[in-house]
Amino acid sequence: MKIIYSSFLLFILLFVSCKSSKVVTSEGLLIKEMSAKKIAKKHISKHFGFKTADAKLKVNYKDNEENIGFSVKMKIKKDEVIWLKGSKFITVFKAKITPQKVLFYSPYKKNYFEGDFSMLKKLLGVDVNFYQLQNMLLGQAIFDITDTKQKVKILERSHQLSPKKQSPLFNIFYLVNPINYKLNKQLIVNDLKNQELTISYSKYLKKNNVLFPENISINAKEKSKFTNINLSVRSIVFDTELSMPFKIPSGYKEIKL
C-alpha cells in the first residue's frame with residue numbers, strides 16, 4: 001500500500017532576486033528586464049478561465065524502492081471539487097478533494113481516509129489548502145504572489161520571482177515563462193532539514209485558447225531519500241457536465257495518518 005498512499009499524498013502535496021540581465025530563450029527571444037510586480041500581474045492574468053476540466057493522465061512514480069506507472073482520471077470543478085481515480089487494471093484509489101476536506105478510499109485494500117488538510121502541514125510544516133492544490137495542477141503559483149513583495153532575477157531562461165522576505169521555515173521560488181507567463185517551475189527548499197520539493201512544467205497544451213500543463217514533474221528530496229512523480233495529460237476537455245461518483249463503501253477500515 002505504500003505506493004498508493006505515497007502517490008496520492010504527493011499528488012495533492014504537490015506545492016510548494018535583484019538586478020536582472022538579458023538572456024536569450026531556447027526560442028531565440030531576448031528576455032528583457034521587467035519589474036516583479038509586472039511579471040506577477042501577467043502571470044495572474046493567465047489564470048484558468050473555464051468552469052470545469054476533465055482529463056485523463058498517465059502517472060509514473062519512482063522512489064528509492066519502487067517504480068510503477070498507472071492511469072488517473074482527474075476532474076476539476078473550479079474552486080469546488082477535485083476528483084481523482086487511479087487505476088492499474090483495477091481501481092487502485094478514488095479521491096474527492098473539496099475546500100473543506102479530503103476523502104480517499106481504496107477498493108483494492110478496502111480502506112479509506114476522511115479528514116482535512118492538516119495532515120499536509122504535518123508532512124511539510126506548511127499549511128496547504130484546496131486552492132493552492134488547484135493552482136499547482138493548473139500551472140499557477142501555489143501562493144498568492146501579490147500578497148508579499150517579490151524580487152526578480154533571470155534564471156534558467158525564466159523570470160524567477162521570490163518573496164523579499166522568505167518564510168523562516170522554507171524558501172519559495174517561482175520560475176515564470178517569459179513568453180506565456182505560466183510557470184516553468186516552482187520550488188520550495190528547507191535547508192535546515194535538507195528538504196527540497198520541485199514542481200516543473202516542461203510543456204503546456206493549448207486548447208480553446210487556454211494553456212494547461214501537459215507535463216508536470218514532481219521531485220521531492222530529503223537527505224538520501226527521493227520521490228519522483230511524472231504526470232502527462234493524455235486528453236482533456238473543458239466546460240462539460242461532470243460525473244463525480246464517490247461513496248465510501250461500508251465495512252472499509254479507516255486509515256490513520
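This is a predicted model: local features need pLDDT of at least 70, side-chain atom pairs count only at pLDDT 80 or more; totals for chains, interfaces and linings use all residues.
Two strands count as paired when DSSP finds at least two bridges between them.

Strand β3 covers residues 52–63, and it has a partner in β15, residues 225–238. The two run antiparallel and are joined by eleven bridges; if you want a spot to look at, find A53, which stands opposite F238 in β15. Strand β3 also pairs with β4, residues 67–77, again antiparallel and through eleven bridges.

Now for the charged side chains, which form six salt bridges. One of them joins K77 and E80, at 3.5 Å from N to O. K77 is partly exposed, at 38% relative accessible area, and E80 is partly exposed too, at 41%.

Another salt bridge brings K101 and E114 together, with their closest N and O atoms 2.8 Å apart. K101 sits in the loop between β6 and β7 while E114 belongs to strand β8, so this pair ties together parts that are 13 residues apart in sequence. A further salt bridge links E156 with K185, at 3.0 Å between the closest N and O atoms. This pair connects distant parts of the chain, 29 residues apart: E156 is in the loop between β9 and β10, and K185 is in strand β12. E156 counts as exposed because its relative accessibility is 51% and the cut-off for exposed is over 50%.

Together with F89 and Y108, I90 makes a nonpolar surface patch of about 430 Å². I90 itself is partly exposed, with a relative accessible area of 47%.

Note on methods: Residues are numbered from 1 along each chain as its sequence is written. Side-chain values use heavy atoms; hydrogens and water are left out. Patches are made of residues with over 30% relative accessible area and no salt bridge: like charges are joined within 9 Å, nonpolar side chains (Val, Leu, Ile, Met, Phe, Trp, Tyr) within 5 Å. Accessible areas come from the Shrake-Rupley method with a 1.4 Å probe; for residues, only the protein chains shown count as cover. A salt bridge is a side-chain nitrogen of Lys or Arg within 4 Å of a carboxyl oxygen of Asp or Glu. Buried means under 20% relative accessible area, exposed over 50%, partly exposed in between (1.4 Å probe, protein chains only). Helices (H or I, at least four residues) and strands (E, at least two) are DSSP runs, numbered from the N terminus.
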